[in-house]
Amino acid sequence: MISLISYYADLAIGLILAFLLLSLLVSGVNEGIVRLLGIRSKFLWAYLRDTLDGAETADGASRLDRILDALKRLGRTPRTPPTQAVSPEEGRSRLPASLVGVFARLPFGRDPRPAFSQQPPPVESPPLAAAAGSVAAEQMTAEQATAAQTTAGQTGQATAAGETVDPAHPAGQADPEETAVLTVEPAADGAAVGAAVGVLPPDQGMSMAELLHERLQEIDHAKRGRTSIADIPPARFAVAVMEIATEHGGVEALMRDLDALKSPFSRPLKAVWDRASHDLEAFRHGVEDWFDGEMERLSLLYRRYVRWVIVALGLVVTLVFSMDSLEYGKTLLRDNAYRSAVTAFGEAGPQALEPLREQCEPGQDPYACVTDVLSTPAFVKIFTHAPVSVTMDAADGPAWGWHGGDWWQRLTSPAHWPGFLITLIALLFGAPFWWDILRRVSGLRTRTPGSTS
């Protein structure tokens, strides 16, 4: 009975350890892809750009965005109604809304991250400006063009009426005082709306997201010329907003200008400011709590996209190693039975060697066969079904072997498919799950600070 329990304990530990190592491999490959492409950092700053600077213009999409949109339209079934075109007033989101967007448009499209700077945060920040390529910047440009046309039309009408015709004093030779009067008058009439509320064009200041990065760049390091910040503590975000508001003339002035930029951040900022009853300390805590909730929501959205990548990577790892869980479990039990037979051989003598001859190749020395099997337990054999394998020889060193034919035969054999499916499902639980199960089954304890055991 004790021996039977030992067999099943070895089976459980062997399966758990195999799933743990393969899960660690899947997690490592996924983390390597995410870090190489900067997906986590780009995902965060795409959200911050949308929230702080507003939507980007629909006509500012990159070539990759247009290709992906065309592929989506081709893959849409005839019964599906066509998606309504994005209006110029609303723009489009920088945050991807599909798995293809996360791992195609986000890493290879337009980078939403601010440029990296080696300089420390300046004492005085530039003024707030509309973000380049945003809907607010496009509308500001259109308003400035309209104001210029209006001013030119008024000047032309006055010239036609003979009110300001002065052949000896043309417009190009106007005094500075006259130029200042002509510049201020349109703004007083409401033509230059952006300048009246303290918002500048993109090339004359920084956007809200860039001002935020300016206060975080002391903890930043470069990644292809862009910021690599992928996590912002909520307390630091709240302090950064307070610093920006202080330099901008107060919280109310900042909210007014954000509203002029059509920034989605102005609405929660107003709600927090009203709930805090204009108390700065309560306002800071309110912004911190709001940003903490937003990061939790963003993390859930990110994990939902990454889950499908884990599925794809788990399938690739399962097929590459052709890991059949059912076959592996049987091999573990057979390995234990084989070891018991070897133990009986040591106690009973040479007559116990006969049952072991079936496990060895014809003509092979049984003693060498026993040594070889004991040195390659079932756990090691799970990595021998890959297309390429390596064996260690004491005399010749490592030897590489190609087993593409056997590997393909295993993949195309329906008898292995249930075992492949079980392995794939097991890998979806992740390495932390299997590590916790291994600790519980084996009795391992995690040492905590102050423990003596």
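Is D50 buried or exposed, and at what relative accessibility? At 13% relative accessibility, D50 counts as buried, where buried means under 20% relative accessible area, exposed over 50%, and partly exposed in between (1.4 Å probe, protein chains only). The structure is a predicted model, in which local features need pLDDT of at least 70 and side-chain atom pairs count only at pLDDT 80 or more, while totals for chains, interfaces and linings use all residues. Residues are numbered from 1 along each chain as its sequence is written, and side-chain values use heavy atoms, with hydrogens and water left out.

The secondary structure of the chain comprises 18 helices and four strands; these are DSSP runs numbered from the N terminus (helices: H or I, at least four residues; strands: E, at least two). Of the 453 residues, 36% count as buried. The chain exposes about 26,700 Å², of which carbon and sulfur atoms supply 61%, with accessible areas taken from the Shrake-Rupley method with a 1.4 Å probe and, for residues, only the protein chains shown counted as cover. Among contacts (heavy atoms within 4.5 Å) with a separation of 6 or more, 78% are between residues 24 or more positions apart.

The largest nonpolar core has 71 residues, and L48, I232, L269 and F283 touch the most other members. Helix α12 gives the most to this core, with eleven residues. Such a core is a set of buried Ala, Val, Leu, Ile, Met, Phe, Trp, Tyr and Cys residues joined through side-chain atoms within 4.5 Å. Leaving aside residues up to four places away in sequence, L269 touches V241, L254, M255, L258, F283 and V287. In helix α10 (residues 251-260), L254, M255 and L258 are among the buried residues, which also include V251, A253 and D257. The cover over the buried residues of α10 includes α2 (39-53), α8 (208-214), α9 (234-247), α11 (266-275) and α12 (280-320). Just after α10, K262 takes a positive phi of about 55 degrees.

Helix α4 (residues 99-108) is largely enclosed by the rest of the structure, because seven of its ten residues are buried. These are G101, V102, F103, A104, R105, L106 and P107.

The count of salt bridges comes to 17, each being a side-chain nitrogen of Lys or Arg within 4 Å of a carboxyl oxygen of Asp or Glu. One of them joins R94 to D50, with the closest N and O atoms 3.2 Å apart. This pair links distant parts of the chain, since R94 lies in the loop between α3 (63-75) and α4 and D50 in helix α2, 44 residues apart. R94 is also buried, at a relative accessible area of 12%. In a further salt bridge, the side chains of D111 and R113 meet at 2.9 Å, N to O; D111 is partly exposed at 22%, whereas R113 is buried at 3%. R284 forms a salt bridge with E281 at 2.6 Å between the closest N and O atoms, and both residues lie in helix α12, three residues apart, about one turn of the helix.

D324, in the loop between α12 and α13 (325-348), is buried yet has no salt bridge. The nearest side chain of opposite charge, R410, is 5.1 Å away, with Lys and Arg counted as positive, Asp and Glu as negative, and His and the chain ends not counted. The side chain of D324 reaches the backbone nitrogen of L326 at 3.1 Å.

Note on methods: Polar contact = N/O pair within 3.5 Å; in protein donor to acceptor, adjacent residues only side chain to side chain.
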